[in-house]
Amino acid sequence: MKNYIQLITLVVSVLVFSCKASKKITTAIAKKDSVVTVLVDPHADSMRYIDEVLASMQKNKIDFSTFSGKMKVDYWDKDGKGPDLTVFVRMKKDSIIWLSINATVFSYEAFRVLITPDSVKLLNKKDKVYQERSVSYLQEVAQLPLDFSTMQDLIIGNTVYLDSANIISYKKETNSISLLSLGGLFKNLLTIGSENFLLQTSKLDDINATRNRTCNLSYSDYNGSAGFPFPTMRRITVSEKSVLDVQLEFKQFSFNENLAYPFPVPKNYTIK
């Protein structure tokens, strides 16, 4: 089950859960952060500016009742490029995340997943196995307080793990603004557009230095056809003993349509 969950989290761009970087990589990134951020002075004008930036970011937060999409998943690890995946995702806000994970080259559905605020259900169609766990199992695998809302935001392209009450650094550039928040788990360095306030990158470093986790997420190719900007291209770089790169490209997406979430369990499947 654990291997399956790791595949699922990869697909939905939640590789954050298993990010573990070497001290060498973490040190290099930390040095870069010290260059691009400036300590916030405690004066009212600085705090007012940060509040204005956060308010502008909030206006770009994607709200929805339902979401469906088709994405192409490419990834590269120490062995080179992995097999292509096509993933269909459907969501009902605060209720259901439904995934169909397909092996592109063979055109068959390998896994089907149904996640609710309480449970995780998985059909391994290749091995004809059905598994069900509490949603807390995701937290055990991730070793993070992962909840359903965080998963929704990761898929939809909203900011995650941002402690807006603890912005400790910022810097204004010509085309971007950097904000550094210090949360209970992560230091989160956000880069957003200075004119449109759209999320460009998020770099998460573990507060606990002994764990040495780090993960970089980028968001681009915003499409406004739904009436608001939706990032159709995501890139995740995970540093561990080696580097893993994952690219998610949404080929199709729609919001607020009537959706079904089929999850039949065949009688001949083994239950584990």
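I counted two rings of Phe, Tyr or Trp (its six-membered ring) as a pair if their centres lie within 6.5 Å. I worked on a predicted model. By this rule I get 11 aromatic pairs.

Entry, Y49 and Y170. I looked up the geometry of this pair. The ring centres of Y49 and Y170 are 5.5 Å apart and the planes stand at 45 degrees, so I log the pair as tilted. I then checked where the two residues sit. Y49 belongs to helix α3 (residues 44-59) and Y170 to strand β9 (residues 167-172), so the pair ties together parts that are 121 residues apart in sequence. Both Y49 and Y170 are buried.

Entry, F67 and F230. I found another tilted pair here, with 5.6 Å from centre to centre and 45 degrees between the planes. F67 is in strand β2 (residues 66-77) and F230 is in strand β14 (residues 230-239), so this pair ties together parts that are 163 residues apart in sequence. I also looked up accessibility. F67 has 0% relative accessibility and therefore counts as buried. F230 has 0% relative accessibility and counts as buried too.

Entry, charges over rings. I noted K172 over the face of Y49, at 4.7 Å from the ring centre. Y49 is thus a residue I have logged in a tilted pair with Y170 and under K172. I also noted R90 over the face of W98, at 4.5 Å from the ring centre.

Technical notes:
Residues are numbered from 1 along each chain as its sequence is written. This is a predicted model: local features need pLDDT of at least 70, side-chain atom pairs count only at pLDDT 80 or more; totals for chains, interfaces and linings use all residues. Side-chain values use heavy atoms; hydrogens and water are left out. Rings of Phe, Tyr and Trp (its six-membered ring) pair if their centres lie within 6.5 Å; planes under 30 degrees apart count as stacked, over 60 as edge-to-face and the rest as tilted. Helices (H or I, at least four residues) and strands (E, at least two) are DSSP runs, numbered from the N terminus. Buried means under 20% relative accessible area, exposed over 50%, partly exposed in between (1.4 Å probe, protein chains only). A charge sits over a ring if NZ of Lys or CZ of Arg is within 6 Å of the ring centre and within 35 degrees of the ring normal.
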